[in-house]
Amino acid sequence: MNIGVFGLGIIGQIWAGNLHRDGDTVRGWNRTAKPALPFYTGDARTAAAQADLLIIVVADPPAVQEVLDQILPELHAGQIVVQSSTISPAATRRFADQIYATGAMFLEAPFTGSKPAAEQRQLVFYVGGDPQVLERARPVLSRLSRAIEYIGPLGSASALKLAMNLNLALIAEALGESLTFARAAGISDDRYFSALKLNVGQSGLATLKEPKLRTGDWSPQFSLKHMGKDLRLALESAGQQPLPQLRALVKLYETGLTCGWGNDDFTGLMRLL
């Protein structure tokens with residue numbers, strides 16, 4: 001297939017590389033030039049015009065709009081635009097309207113999983129939109145993931161992704177506070193994590209992040225700035241729901257960003273403790 005990947009950050013670069021190695025014709029575009037990549041093109045409009053399927057994976061709603069401003073004039077009937085950035089349900093529906101106006105098809109497909117999962121093609125996609133369009137996009141999405149979960153109409157997948165990231169952020173905060181409390185009591189990390197593995201509170205996130213928490217390695221698998229953005233979007237989308245822990249987390253992440261930790265892994269927020 002001819003595939004355009006718009007956004008060559010941690011995940012987009014891995015996706016484009018995997019599809020390129022699979023034998024697809026891949027043209028990747030990024031707002032900041034990355035000419036060293038074999039699939040990179042500096043011409044977003046040509047990449048869009050020639051693509052059967054276009055994947056957008058960027059940071060936030062303004063970045064998605066910036067991509068659309070580049071590619072909308074070239075979109076046409078028969079193409080599928082897959083929007084995989086983590087954004088709000090309202091933004092998803094707004095972008096879908098812009099794409100439908102060109103005659104192209106649209107899916108929202110945010111995903112769960114960080115850099116290691118992307119490298120191993122073990123991500124999980126949450127998809128919203130027309131199920132028939134999903135079936136047309138499935139051959140590509142299935143090569144990037146271990147599962148594709150159809151959630152429902154447009155906006156539902158974005159809402160679920162924000163809910164999942166809220167859960168992860170809450171688990172990470174609880175894990176960091178728990179570990180800090182145990183260390184202050186003189187309990188070694190070996191003893192703490194061996195006990196956690198025998199406890200119902202053990203989680204996949206604890207398993208993934210244990211090496212980072214032990215060593216203070218905050219190199220990003222999923223950055224603090226992006227988790228903070230997702231929490232703000234969840235808060236904006238929550239309306240009048242109380243969600244007291246979400247409100248507290250947003251403030252903590254704002255503090256972490258003020259400390260200059262935005263590009264670090266989100267578990268690095270533990271340094272506030």
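Mentor: The largest share of the lining of the largest pocket comes from α7, which provides five residues. The model is a predicted one, in which local features need pLDDT of at least 70 and side-chain atom pairs count only at pLDDT 80 or more, while totals for chains, interfaces and linings use all residues. Residues are numbered from 1 along each chain as its sequence is written, and side-chain values use heavy atoms, with hydrogens and water left out.

Some terms come first. Helices (H or I, at least four residues) and strands (E, at least two) are DSSP runs, numbered from the N terminus. A pocket is an open set of points, on a 1 Å grid over the protein atoms alone, with protein on both sides within 12 Å along at least five of seven lines; a cavity is a set of points where a 1.4 Å probe fits but cannot get out; lining residues have an atom within 4 Å of a point. A volume is the space filled by probe spheres set on the points, which are joined across faces, edges and corners. Rolling a probe the size of a water molecule over the atoms shows where empty space is left.

The largest pocket has a volume of about 1,100 Å³. Its lining comprises 44 residues, of which Ile11, Phe111, Gly113, Gln221 and Phe222 are the closest to the centre. At least two lining residues come from each of α1, β6 (111-112), α5 (115-119), β7, α7 (156-184), α9 and α10. By class, the lining holds 18 nonpolar, 19 polar and seven charged residues. Here Ala, Val, Leu, Ile, Met, Phe, Trp, Tyr, Cys and Pro count as nonpolar, Asp, Glu, Lys and Arg as charged, and the others, Gly among them, as polar.

Helix α7 also gives the most to the lining of the second largest pocket, with four residues. About 180 Å³ of space lies in that pocket, and both α7 and α10 supply at least two residues of its lining. Among the residues that line it are Pro89, Ala159, Leu162, Ala234 and Leu246. This lining has nine nonpolar, two polar and no charged residues.

The structure holds one cavity of 30 Å³ or more, and about 90 Å³ of space lies in the largest cavity. Its lining includes Ala169, Glu173, Tyr253, Phe266 and Leu273, and divides into eight nonpolar residues, two polar and one charged.

Rings of Phe, Tyr and Trp (its six-membered ring) pair if their centres lie within 6.5 Å; planes under 30 degrees apart count as stacked, over 60 as edge-to-face and the rest as tilted. A search of the whole structure finds six such pairs. One of them joins Trp15 and Phe125 in a tilted arrangement, 5.5 Å centre to centre with 50 degrees between the planes. Trp15 belongs to helix α1 (residues 10-22) and Phe125 to strand β7 (residues 123-129), so this pair ties together parts that are 110 residues apart in sequence. Both Trp15 and Phe125 are buried, where buried means under 20% relative accessible area, exposed over 50%, and partly exposed in between (1.4 Å probe, protein chains only).

Phe222 and Phe266 form an edge-to-face pair, 6.0 Å centre to centre with 75 degrees between the planes. Phe222 is in the loop between α9 (204-215) and α10 (224-238), and Phe266 is in the segment after α11 (244-258), so the pair ties together parts that are 44 residues apart in sequence. Phe222 counts as partly exposed, at 22% relative accessibility, whereas Phe266 counts as buried, at 4%. Thus Phe222, one of the residues closest to the centre of the largest pocket, is paired with Phe266, which lines the largest cavity.

Finally, the chain as a whole. Its secondary structure comes to 11 helices and eight strands. The radius of gyration is 19 Å, close to the 19 Å that the globule rule gives for 273 residues, so the chain is as compact as a globular protein of that length. This radius is taken over C-alpha atoms, and the rule is 2.2 Å times the number of residues to the power 0.38. Buried residues make up 50% of the 273 residues.
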